[in-house]
Amino acid sequence: MRSEPFGRLDATSKTREKVLRLCRLAPGEIWQDAKAGHRIGVLDARREEDVKRLLGKALSSLGIHDPPYNIDVGGRRTSAFFRGGIEAYMEFSRAWLQNACAALDTDASLYIWLGADQKAGFQPLPQFMLLAHEFPCLASRSFITLRNQRGYGTQKNWMALRQELLYYTKGSPAFQAVYTKIPKTVKGYYKEAGGKKTCTQERSRAATLRPGNVWTDIQQVFYRLEENVPGAYAQKPLAAIERIILASGAKGCLITDFFAHSGTTLLAAEKLGRTCYTMDTDPVFAELTLRRLEHYRATGKTGWQTRSPFPEIE
Ligand SMILES: C[S@@+](CC[C@H](N)C(=O)[O-])C[C@H]1O[C@@H](n2cnc3c(N)ncnc32)[C@H](O)[C@@H]1O
């Protein structure tokens, strides 16, 4: 039994050619949502004019960006998931990061998903961290690791489960503490305050743990989950993006995501009543992002699991 209706849509295939004919947005075009104000563009994050057109006069108080990592995704290189020399990758990163910073409001948060290739000196993570030093408006705040629940296995090395997430701030944005669903099990640690001796449980604000900067409680997306978007090979879990928004994206804020792919950031924004402006260079992923939003509004479902987002070509 096939787990998904077709393979990844960034790689050349007959399915991709058929999907391209269904794409409503051509390169350079921007869709404007009449209901919640979202925008989806087929635009290039490296181009200042593209970002300016997406933003208009607006500024974003939360950027959540997930660029390609200069690492072969699923053992393949495509135009969406390119891999080249580190110099070319840093040129790409500098260009989009410059635009991402220009899009930020005076007080804003910036989250960047990134990878480290353990077979190539852990590039591009350290180079990217140093690149951020070129942007004095950015202050480093946290280096988060999401534990992917399904890594590729090997008996000859530690299994690779890490997904890195860098958190920077500009100015002084608010931060709202969030909690996991993991109950606090360690009791004890008595402390005296105001003449009263209390234990940890009595003093704590919640019965569950905070995620800290190592997130172990979020399931990686795979075909058994409702949120799965067939054809999108690099989608992030909705729960991770929702966590970021709840911590750093107050109600009414504008969220930007320059690398839409399966549209996870836009969908999380929709679910939580925020507005998102997003883009992808590939019209196929702009169309998938738009369809995912429409599908959610029509059915309440966050993805298609193993069904096709393009039933016209089944
Ligand atoms: C790692 S994926 C993003 C995954 C996304 N967070 C999700 O949950 O689905 C990166 C995406 O960036 C897009 N992309 C690559 N270069 C781009 C560029 N210069 N401007 C905008 N999008 C680009 C690719 O087409 C791909 O869909």
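Which elements do the buried residues of α2 pack against? I began with this one. The model is predicted.

**Helix α2**

I looked up α2, residues 48–55, and found Asp50, Val51 and Leu54 buried. They cover an arc of only 95° around the axis, so they sit on the same side of α2. I then listed what these buried residues pack against: β1 (30–32), β2 (39–41), α3 (86–102) and β11 (275–279). That settles the opening question. I also checked the residue just after α2. Gly56 takes a positive phi of about 60° there.

**The nonpolar core**

Next I went to the largest nonpolar core, which has 57 residues. I asked which members touch the most other members. They are Leu110, Ile241, Ile245, Ile255, Ala260 and Leu266. Strand β4, residues 104–114, gives the most to this core, with seven residues. I noted the background: in soluble globular proteins, nonpolar side chains tend to be buried together.

I took Ile245 for a closer look. I left aside its neighbours within four places in sequence. Its contacts are then Leu62, Ile255, Ala268, Ala269, Leu272 and Arg274.

**Helix α6**

I looked at helix α6, residues 238–248, as a whole. Eight of its 11 residues are buried, so α6 is largely enclosed by the rest of the structure. I wrote down the buried ones: Leu238, Ala240, Ile241, Glu242, Arg243, Ile244, Ile245 and Ser248. I marked Glu242 and Arg243 as two charged entries in that list.

**Strand β4 and its partners**

Why is β4 described as largely enclosed by the rest of the structure? Eight of its 11 residues are buried, hence the description. I followed its pairing on two sides of the record. Strand β3, residues 60–65, runs parallel to β4, and five bridges join them. Gly63 has Leu110 as its bridge partner in β4. Strand β6, residues 160–170, runs antiparallel to β4, with seven bridges. There I found Ser109 opposite Thr169.

**Gly171**

I moved on to Gly171, in the loop between β6 and β7 (191–193). Gly171 counts as partly exposed because it has 13 C-beta neighbours inside 10 Å. I left aside its neighbours within four places in sequence and found contacts with Thr106, Asp107 and Ala108. Gly171 and Ala108 are 63 residues apart along the chain, yet their C-alpha atoms are separated by 6.5 Å.

**The ligand shell**

How many residues surround the ligand? I found 20. The closest are Ala80, Phe259, His261, Ser262 and Thr264. I sorted the shell by class and got nine nonpolar, five polar and six charged residues.

I ended with the backbone. Most residues other than glycine have a negative phi, and most peptide bonds are trans.

- The peptide bond from Gln123 to Pro124 is cis, with omega near -5°. Pro124 is in the loop between β4 and α4 (125–131).
- Phe122 has a positive phi, near 65°. Phe122 is also placed in the loop between β4 and α4. It counts as exposed because it has 12 C-beta neighbours inside 10 Å.
- Gln305 has a positive phi of about 50°, although it is not a glycine. I placed Gln305 in the segment after α8 (283–299). With 17 other C-beta atoms within 10 Å, Gln305 is partly exposed.

Notes:
Residues numbered from 1 in each chain as written. Predicted model: local features only at pLDDT ≥ 70, side-chain atom pairs only at ≥ 80, totals over all residues. Core = buried A, V, L, I, M, F, W, Y, C linked by C-beta atoms within 7 Å. Buried ≥ 20, exposed ≤ 12 C-beta atoms within 10 Å, placed from the backbone. Helix = DSSP H or I, 4+ residues; strand = E, 2+ residues; numbered from the N terminus. Contact = placed C-beta atoms within 7 Å. Near = placed C-beta within 6 Å. Pairing = 2+ DSSP bridges. Arc of directions from axis to C-beta.
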